[in-house]
Amino acid sequence: MLVDDSSSNLLAGKAALSQDHNVLTAGSAAIMMQMLEWSRPDLILLDVDMPEMSGFEAIKILKRRRETRNIPVIFLTALNDSASELKGLELGAVDYIVKPFSLPLLRKRVELHLLLEEQKSELQHYNDNLQRMVKEKTKTILKLQNKLLAAVAEMVESRDGTTGDHIARTRQYLRILISAVIEADIWAEEASEWDIDLLCQSCQLHDVGKVAISDNILKKPGKLTSEEFSEMQQHVPIGIAFIERLEGDEVSSDFLRYAKIFVAFHHEKWDGSGYPLGLAGGKIPLLGRMMALIDVYDALTSARPYKKAFDHDEAASIIVESKGTHFDPALIGIFEKNPDMFRQAKNAR
């Protein structure tokens, strides 16, 4: 699109360029704006010194509009000074041609900038395809990683007489509880930093340390002796050590950071009577306090070698009774306001 208030310049420019290009002409910036409503040129040749609206004013409008901001603009001007040229380039022009222009030079400049635009378009297309391929590969890797993670977690859980359903349930319960915590807006600052998908993946490793506990303890149908219970408690530090070995000296990630929190603190109790550290109150990380609630609910509603499964109402009653002793009172407050938050997920299994 050639824009100039001089009809002789329009005629000369169109004659020079029409052999190789489709050329639209406009006698003012205002007419150009109207034409851009229905036409998207590959290049605009824009006169600077025009009445009513100058080229400098026009390019500001072009660059503000999403539909036209990426159209390259070459300024045409009789102003042969570096200050004007610099201003045009700062406003977003790609080139500057001084009038009266040489027609062969005009053709060559147009060819050059159209070639550059074509190459930019090809490069963008290549980058878009490359990003799409990387996303697809990453998605495939993540699927494989999640399957391996689930398989490891299910193998650990199956050793104490449960099934992989425990992993699926706790993951679903955590997502439900996270939503309720966010809605309650009690820990808004901390919750705003959570990657919910990573949290729900990493919680699957909360009992990974059980892989080192003997079958005699894990599958014992009766109450554990104090010595056996002490050995059972070791699954927490064993699990922490497992996560730390994955981290090593160079590898760190939010996934492993979340996993370590779930492993380390899901057996701590609000009143300080839990293990392994005997932490109390707010010294227990919020994610650990949440995992404790979920883990106990699932344990209560699941059959184990040493107990029958409670129904939802029985389990909910036991949990509420432990408000301020085993569990964070604020979390139980959220649980009490949403008494059926886990019921549907439990019944769906």
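**View A. What covers helix 3 in this predicted model**. The cover over the buried residues of helix 3 includes helix 2 (29–35) and helix 4 (82–90). Strand 3 (44–47), strand 4 (73–77) and strand 5 (95–98) also belong to that cover. Helix 3 spans residues 55–64. Its buried residues are Gly-55, Phe-56, Ala-58, Ile-59, Ile-61 and Leu-62. An α-helix has 3.6 residues a turn, so residues three or four places apart point the same way.

**View B. A nonpolar patch on the surface**. Four residues form this patch: Leu-123, Tyr-126, Leu-130 and Val-134. Together they have about 390 Å² of accessible area. Val-134 lies in helix 5, which covers residues 103–158.

**View C. Asp-298 in helix 13**. Helix 13 runs over residues 286–300. Asp-298 has a relative accessible area of 0%, so Asp-298 is buried. Leaving aside residues up to four places away in sequence, Asp-298 touches His-166, Arg-169, Thr-170, Tyr-173 and Arg-304.

**View D. Asp-313 and its polar contact with Arg-343**. Asp-313 lies in helix 14 (residues 312–321). With a relative accessible area of 47%, Asp-313 is partly exposed. The side chain of Asp-313 makes a polar contact with the side chain of Arg-343, at 2.8 Å. Thr-301 is 12 residues from Asp-313 in sequence. In space, the two are 9.6 Å apart, C-alpha to C-alpha.

Technical notes. Residues are numbered from 1 along each chain as its sequence is written. This is a predicted model: local features need pLDDT of at least 70, side-chain atom pairs count only at pLDDT 80 or more; totals for chains, interfaces and linings use all residues. Side-chain values use heavy atoms; hydrogens and water are left out. Patches are made of residues with over 30% relative accessible area and no salt bridge: like charges are joined within 9 Å, nonpolar side chains (Val, Leu, Ile, Met, Phe, Trp, Tyr) within 5 Å. Accessible areas come from the Shrake-Rupley method with a 1.4 Å probe; for residues, only the protein chains shown count as cover. A salt bridge is a side-chain nitrogen of Lys or Arg within 4 Å of a carboxyl oxygen of Asp or Glu. Helices (H or I, at least four residues) and strands (E, at least two) are DSSP runs, numbered from the N terminus. Buried means under 20% relative accessible area, exposed over 50%, partly exposed in between (1.4 Å probe, protein chains only). A polar contact is a pair of N or O atoms within 3.5 Å; within protein, one must be able to donate a hydrogen and the other to accept it, and residues adjacent in sequence count only if both atoms are side-chain atoms. Contact means heavy atoms within 4.5 Å.
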